[in-house]
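Here are my notes for a first look at this one. Keep the viewer open while you read, and take the points in order.

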Amino acid sequence: MSSVHVLPYTVSPRQDTGLFNAKLGIWLFLGSEVMLFGGLFSAYILLRMGAPNWPMGSTILSIPIGTFNTIVLITSSVTMVMAWVSLKLQELKKFRMYLGLTILLALTFLMVKAFEYGAKFSIHYHEYFPALFNLAVHRLAGGIAAMALVPKCILGFFFLWAVWSLAQVAFKDFSRFVRTAILLISVIAFIGIILTLFELGNRHSHHNFPPSYSTYMAIYFTLTGLHGLHVLGGIIVNGYFWGPGRRMWLDQPERFTNRIEVAGLYWHFVDLVWIFLFPVLYLL
Amino acid sequence: MTSDHNAHHPKVGFWRQYVFNTDHKMIGLWYGITALFFLFFGFCLVMLMRWQLAYPGVALPVIGKWFGESRMPDGVMLPELYNQLGAMHGTIMVFMGIVPLAVGAYGNVLIPLMIGAPDMAFPKINLASYWAYFIGGVIMLASFFVPGGAAAAGWTSYAPLAVISTMGQTMWIIGMVFLITSSLLGAVNFLTTIIQMRAPGLTFMKLPFFVWAQFITAFLLLLAFPPLEAAAVMQLMDRVAHTSFFMPSGLMVSGQPLQISGGGSVLLWQHLFWFLAHPEVYVLILPAMGIVSEIIANNSRKPLWGYKAMVFSLIFLGFMSFIVWAHHMYITGMGTGISSFFQATTMIISIPSVIILTALFLSLWGGSIRFNTPMLFALAFLPMFGIGGLTGLPLGLSTPDIHLHDTYYVIGHFHYIVAPGTIFALFAGIYYWYPKLTGRKMNEFLGHLHFWPTLVCMNFLFMPMLIQGLAGVSRRLYDGGMEYSHAQGVMHLNGVMSYAAWIMALFQIPFIINILLSLKGGEKVNDNPWGSTTLEWATATPPPHGNFAFDPKVYRGPYEYSVPGASVDYTPQYQEKVI
Amino acid sequence: MSNAPADVHDVKKEVRGYMIVFGSLAFLTILTVLISRLHFGLVGNVAIALLIATFKASLVACFFMHLISERTLIYFLLIFTLGNLFFLFGLLLWGYGDILMGARFVS
């Protein structure tokens with residue numbers, strides 16, 4: 001009910017702080033997120049120090065897959081900032097291409113994570129989930145393979161839909177260089193997924209490593225799970241700006257650019273957390 | 001933003017007005033009404049507990065039958081129910097009562113008004129934060145009705161007991177996640193609004209002390225809540241996925257070893273919980289200090305004494321509150337080094353509180369004091385908070401704490417601060433700002449009828465707790481210490497306290513009647529009935545959408561009362577010249 | 001509002017800057033993986049990995065998040081938050097290490 005014309009500093013910055021409202025807001029929120037992941041990291045440190053033996057990440061997780069995911073996320077950070085640059089240069093088509101790439105890469109990250117998670121559960125799912133939920137799922141989906149398959153299918157669907165939408169946008173009037181680059185990135189992402197499909201690098205296909213297996217698995221699933229939820233949140237927000245939200249560009253272009261900058265700040269933070277998660281969980 | 005604009009505002013439908021309204025005053029009002037309901041509910045829980053404490057093992061007359069066989073067979077309270085009542089009383093009062101009222105209601109309604117802004121910086125996020133609170137509250141209430149009942153491991157939910165508890169604990173965790181989300185969204189909103197949307201001329205050192213208090217409170221909420229959210233997620237994993245974040249190896253439950261990996265740390269939960277919960281108690285008191293400051297300055301017709309010292313004390317308090325938390329953990333086996341550290345910081349943090357309290361006392365000196373109902377509550381706050389704060393000192397020192405930890409002394413200490421402390425300030429604020437929202441003053445006779453008995457009952461309810469605690473009566477005992485020989489000398493006080501609680505409940509009725517009747521029958525007043533200098537009184541009554549009919553500019557400090565040479569005893573902040 | 005100029009030539013320089021950062025991040029990722037194969041003892045490995053991670057994080061923060069040209073208010077907020085975080089870590093670890101004489105941890 002309060003329109004932007006009434007609330008000051010939604011678009012132009014306030015003189016003494018040099019910030020517009022949403023930018024201050026997102027940095028405050030990121031401060032709280034630092035404390036959230038910090039709390040989990042402090043738990044990691046304490047649990048590791050108290051453990052008589054702590055597995056090396058490389059013995060349980062696949063480092064090539066983790067490295068691939070790290071590169072995917074870093075690339076998505078670049079495409080995110082390029083999306084904002086495109087808006088500053090008033091190029092809406094390029095903005096949609098770059099933001100679309102960001103979403104695509106984020107979906108790739110989640111799909112790879114879904115396969116990584118799935119690789120930890122090969123048999124005996126029953127002990128993991130509460131009885132009622134397990135029964136329902138069992139009846140509906142007939143077993144553990146379906147459990148892992150459902151999120152993979154959902155993500156795969158979104159991935160293909162994103163590629164198709166992107167193709168509609170990107171291949172209209174872009175240079176050959178850009179079209180080749182997009183094709184290459186998609187192909188690399190796809191290969192990465194195929195690799196995880198065959199679970200190359202997964203050395204424990206016959207064992208079961210649920211979160212309850214050890215404190216290492218517990219903190220691994222919790223840290224990457226919470227991070228994954230943040231990635232999902234970013235996908236939803238970026239998806240909104242790629243789709244129905246982009247209407248704001250037509251009548252309030254500066255405000256829309258600011259929103260993308262703020263979304264970008266959130267996204268870079270998500271990348272930042274992973275930059276710490278990857279060595280801590282996979283390499284140490 | 002002008003009143004013309006608002007006069008032509010079309011009537012909005014039910015959903016826009018009562019469910020999806022983004023106006024900060026409406027949202028603040030929703031927070032206030034919901035929080036008052038939860039405060040009442042939490043008080044009812046403790047009135048039930050007080051029956052069991054006064055008459056252990058005796059059937060509760062009349063209403064005892066309503067609780068069913070699993071909770072109160074033949075009207076006699078089971079220990080399981082007592083523990084649920086205790087845990088939920090704490091949770092509901094702190095997270096669903098005081099914080100939403102002191103921060104969500106008071107902050108939302110008053111901050112934009114006091115800084116000359118048309119609304120909060122993020123109105124839609126404001127709306128989301130209320131509904132997150134509401135949903136969290138509903139989940140908490142619903143937890144009473146699941147098999148096994150509500151959470152019963154204390155509001156502190158220590159592992160491993162909380163991990164092996166019944167389903168109510170899981171609902172507690174999920175409810176907490178919603179409540180934390182609500183607070184985080186609110187904190188971002190408050191901070192951005194106060195920093196970005198102050199009227200021209202309103203520098204930080206001209207802000208009303210209330211706004212400063214809310215500002216620091218928002219910082220505490222922003223940075224202290226997330227580690228508890230992390231811990232709550234981990235406890236949820238422990239409960240649902242059978243991880244061992246907080247479960248040590250070799251735990252036996254009912255003679256059987258638990259089928260978990262073990263390797264977890266019980267202390268980890270305590271550290272992460274108290275990392276929030278200590279700043280949380282400052283969240284409970286700071287807005288109250290803000291409210292009391294406004295009322296005292298206004299009703300003594302002179303500026304606050306030592307405004308700068310009070311502000312710097314607030315800032316210092318905010319910083320320090322993050323590094324004192326382990327004084328709740330002195331007897332967990334911490335070594336002397338770290339105990340000394342936390343003891344030192346705890347002693348240091350008492351200094352800013354004393355400065356603020358002293359400044360408020362000194363503000364009264366030489367004033368023309370008006371003893372209306374808000375002022376009575378505000379004045380009573382001062383010695384009551386003083387008792388509460390002073391009783392914290394032996395708890396903050398690690399050695400006496402060995403004797404006093406987990407006794408009724410602790411309960412007496414924090415209730416003195418929150419009940420005749422914060423709640424009195426919140427009552428004061430309701431009486432004080434009621435005319436701004438309704439255009440009518442509340443009835444003074446009913447106000448006195450509310451105030452005096454409540455003050456007396458508060459002391460009869462909480463002073464004996466300090467005495468029982470010194471005698472060594474432990475907290476969370478469902479028979480009130482009946483079984484212990486060292487407690488026998490103070491057992492009779494249980495009856496005194498219970499009657500004090502029940503009588504106090506009776507004398508809240510004049511308050512409720514006052515609020516409702518004054519809506520239509522209260523003395524009609526103008527826009528600034530108390531003759532106040534701050535910006536919220538410059539709006540129409542009630543403030544319309546967009547708040548101000550003019551673009552406010554601020555020319556002077558917030559407490560320019562009795563300015564020499566002025567013809568009136570108050571000179572508003574937004575008035576350019578002294579008249 | 002914006003820290004990047006709207007002028008085309010300056011934007012090209014900004015974009016080059018982003019690409020350089022991207023390249024550095026990719027390189028540092030590979031580097032951190034390769035170094036982890038060498039063994040410097042637990043403390044050494046942790047120190048090196050965290051050092052590289054911190055440097056990568058600073059690159060993302062300073063250039064992608066424009067922190068290098070941000071206003072003082074944001075710096076204050078971040079410094080306070082990080083200080084708070086380090087107090088949490090530090091005091092937690094101190095509490096773990098400093099226990100009463102004769103006391104032992106159960107697990």
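**Notes on the model**

1. Start with chain B: of its 579 residues, 57% count as buried. A residue is called buried if 20 or more other C-beta atoms lie within 10 Å of its own, exposed if 12 or fewer, and partly exposed in between, with the C-beta atoms placed from the backbone. Before going on, note that this is a predicted model, in which local features need pLDDT of at least 70 and side-chain atom pairs count only at pLDDT 80 or more, while totals for chains, interfaces and linings use all residues. Residues are numbered from 1 along each chain as its sequence is written, and chains are lettered from A and ligands numbered from 1 in the order in which they are written.

2. What is chain B built from? Its secondary structure comes to 16 helices and 4 strands. Here helices (H or I, at least four residues) and strands (E, at least two) are DSSP runs, numbered from the N terminus. With a radius of gyration of 24 Å, close to the 25 Å that the globule rule gives for 579 residues, chain B is as compact as a globular protein of that length. The radius is taken over C-alpha atoms, and the rule is 2.2 Å times the number of residues to the power 0.38. Along the principal axes, the C-alpha atoms of chain B fill a box of roughly 80 × 55 × 45 Å. Among contacts in chain B with a separation of 6 or more, 79% come from residues 24 or more positions apart; two residues are in contact if their C-beta atoms, placed from the backbone, lie within 7 Å.

3. Now see how chain A meets chain B. The contact takes 34 residues from chain A and 41 residues from chain B. On the chain A side, helix 1 (21–50) and helix 8 (215–242) are the elements that give two or more residues, and the largest share, 15 residues, comes from helix 1 of chain A. By class, that side has 21 nonpolar, 12 polar and 1 charged residues. Ala, Val, Leu, Ile, Met, Phe, Trp, Tyr, Cys and Pro count as nonpolar, Asp, Glu, Lys and Arg as charged, and the others, Gly among them, as polar.

4. Chain A also touches chain C, in a contact that takes 39 residues from chain A and 40 residues from chain C. Helix 1, helix 3 (63–88) and helix 10 of chain A each supply at least two residues of the chain A side. The residues on that side divide into 25 nonpolar, 12 polar and 2 charged.

5. Within chain A, look at helix 1 and helix 10 (residues 253–283), which pack at an angle of about 15° with their axes 10 Å apart. Axes are lines fitted to C-alpha atoms, for helices over the stretch in contact, and angles run from 0 to 180 degrees between N-to-C directions. Helix 1 and helix 10 of chain A are therefore roughly parallel to each other (under 35 degrees is roughly parallel, over 145 roughly antiparallel, 65 to 115 roughly perpendicular and the rest oblique).

6. Chain B has a pair to set beside it: helix 8 (residues 266–300) and helix 10 (residues 336–363) of chain B pack at about 15°, with axes 10 Å apart. Their crossing is left-handed. By class, this contact has 6 nonpolar, 3 polar and no charged residues.

7. Which residues does B:M237 touch, leaving aside its neighbours within four places in sequence? They are A:P211, A:A218, A:T222, B:T243 and B:F245. B:M237 lies in helix 7 (residues 209–240) of chain B and counts as buried, with 23 C-beta neighbours inside 10 Å.

8. Finally, some backbone details. Most residues other than glycine have a negative phi, and most peptide bonds are trans. The bond from B:A159 to B:P160 is cis, with omega near -5°, and a cis bond also joins B:T541 and B:P542, with omega about -10°. B:H242 has a positive phi, near 55°, and counts as buried with 21 C-beta neighbours inside 10 Å.

Notes. Left-handed = near helix turned anticlockwise from the far one by under 90°.
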